[in-house]
Amino acid sequence: ARFARLRITGFKSFADATSIEILPGLTGIVGPNGCGKSNIVDALRWAMGESSAKSMRGGEMDDVIFAGTLSRPARSIAEVSISLTETAGLAPAPFQAEAELEISRRIERGSGSTYRVNRRETRARDVATLLADLAAGARNSAMISQGRVSALVSARPDERRMILEEAAGISGLHARRHEAELKLRATEDNLSRADDLRTQQE
Ligand code: ATP
């Protein structure tokens with residue numbers, strides 16, 4: 001899969017709708033300090049499910065919404081959409097056959113955020129699984145943010161493993177395995193309960 005386009009509206013310093021085409025090859029973002037370069041990366045991470053306040057350089061969830069300036073009123077909604085291409089065969093059902101996927105996250109002040117995949121409302125957890133599957137594809141994507149390189153160097157071995165697993169795109173698969181294990185256990189419980197009932201009837 002490959003990032004093809006990023007659309008940002010009302011997110012951090014992007015008060016107006018902004019569309020960024022990401023062409024094949026190397027993409028650089030240049031601009032003076034404070035012009036919003038990091039906000040572009042934050043938008044990408046946010047749309048992909050990042051929500052920890054610390055890593056978003058902000059406090060509350062709603063802080064990602066354009067807060068207004070001296071000359072412009074604040075917005076009440078922020079939305080970020082990522083278009084991914086070359087996704088056919090990488091995504092789980094029902095998106096398996098889609099050659100292009102659009103993942104959108106939208107937040108409204110005071111009412112939390114929702115996700116959509118190709119305009120269909122999707123649970124955060126399913127977006128995470130989808131991204132894990134896409135990342136596990138042939139050419140996976142990894143995000144190394146400011147400060148992460150030094151974190152890697154000074155991390156404890158178990159922390160370092162977590163960072164590397166995240167970069168390798170397999171941390172999502174761990175979450176998925178955990179979910180599958182919980183389901184398995186619940187099913188085993190049901191089976192033994194059914195067994196008990198059967199022996200009682202015999
Ligand atoms: P640097 O080179 O210092 O990292 P940068 O180009 O990466 O700068 P960012 O950190 O992406 O800049 O952008 C910071 C700007 O975004 C600041 O001017 C800040 O006021 C603005 N900003 C962040 N959150 C919001 C928000 N919710 N509403 C409005 N503006 C915001």
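In this predicted model, Glu86 lies in the loop between β3 and β4, where helices (H or I, at least four residues) and strands (E, at least two) are DSSP runs numbered from the N terminus. Local features need pLDDT of at least 70 and side-chain atom pairs count only at pLDDT 80 or more, whereas totals for chains, interfaces and linings use all residues of the predicted model. Residues are numbered from 1 along each chain as its sequence is written. The protein has five helices and six strands, and from the N terminus on its elements follow the order β-β-α-β-β-β-β-α-α-α-α.

- Most residues other than glycine have a negative phi.
- Glu86, which is not a glycine, has a positive phi near 55°, and this residue is partly exposed, with 17 other C-beta atoms within 10 Å.
- The scale behind this wording calls a residue buried if 20 or more other C-beta atoms lie within 10 Å of its own, exposed if 12 or fewer, and partly exposed in between, with C-beta atoms placed from the backbone.
- Asn118, found in the loop between β5 and β6, has a positive phi of about 45° although it is not a glycine, and it counts as partly exposed because it has 14 C-beta neighbours inside 10 Å.

**The sheet**

- Six strands form an open sheet in the order β2-β1-β3-β4-β5-β6 with antiparallel pairing, and two strands are said to pair if DSSP finds at least two bridges between them.
- Because β2 (18-21) and β6 (120-122) stand at the edges with a single partner strand each, one side of each is left without a neighbour in the sheet.
- Neighbouring strands of this sheet are turned by 20° against each other on average, direction ignored, where axes are lines fitted to C-alpha atoms, for helices over the stretch in contact, and angles run from 0 to 180 degrees between N-to-C directions.
- Strand β1 (residues 2-9) pairs with β2 over four bridges, and Ile8 stands opposite Thr18 in β2.
- Nine bridges join β3 and β4, with Glu102 in β4 as the bridge partner of Ser83.
- Five bridges join β4 and β5, where Ile103 has Val117 in β5 as its bridge partner, and these two strands form a hairpin with four residues between them, including Gly110, whose phi is positive at about 85°.

- Helix α1 (residues 37-47) lies across β1, β2, β3 (77-85) and β4 (100-108), and runs at about 80° to β3.
- Helix α2 (residues 124-135) packs on the sheet and touches β3, β4, β5 (113-117) and β6, while its direction makes about 45° with that of β5.
- Leaving aside residues up to four places away in sequence, Leu134 touches Ala1, Leu84, Thr87, Leu90 and Ala91, a contact being two residues whose C-beta atoms, placed from the backbone, lie within 7 Å.

**The ligand**

- The ligand is surrounded by 14 residues, of which the closest are Ser13, Lys37, Ser38, Asn39 and Ala67, and a residue counts as near if its C-beta atom, placed from the backbone, lies within 6 Å of the molecule.
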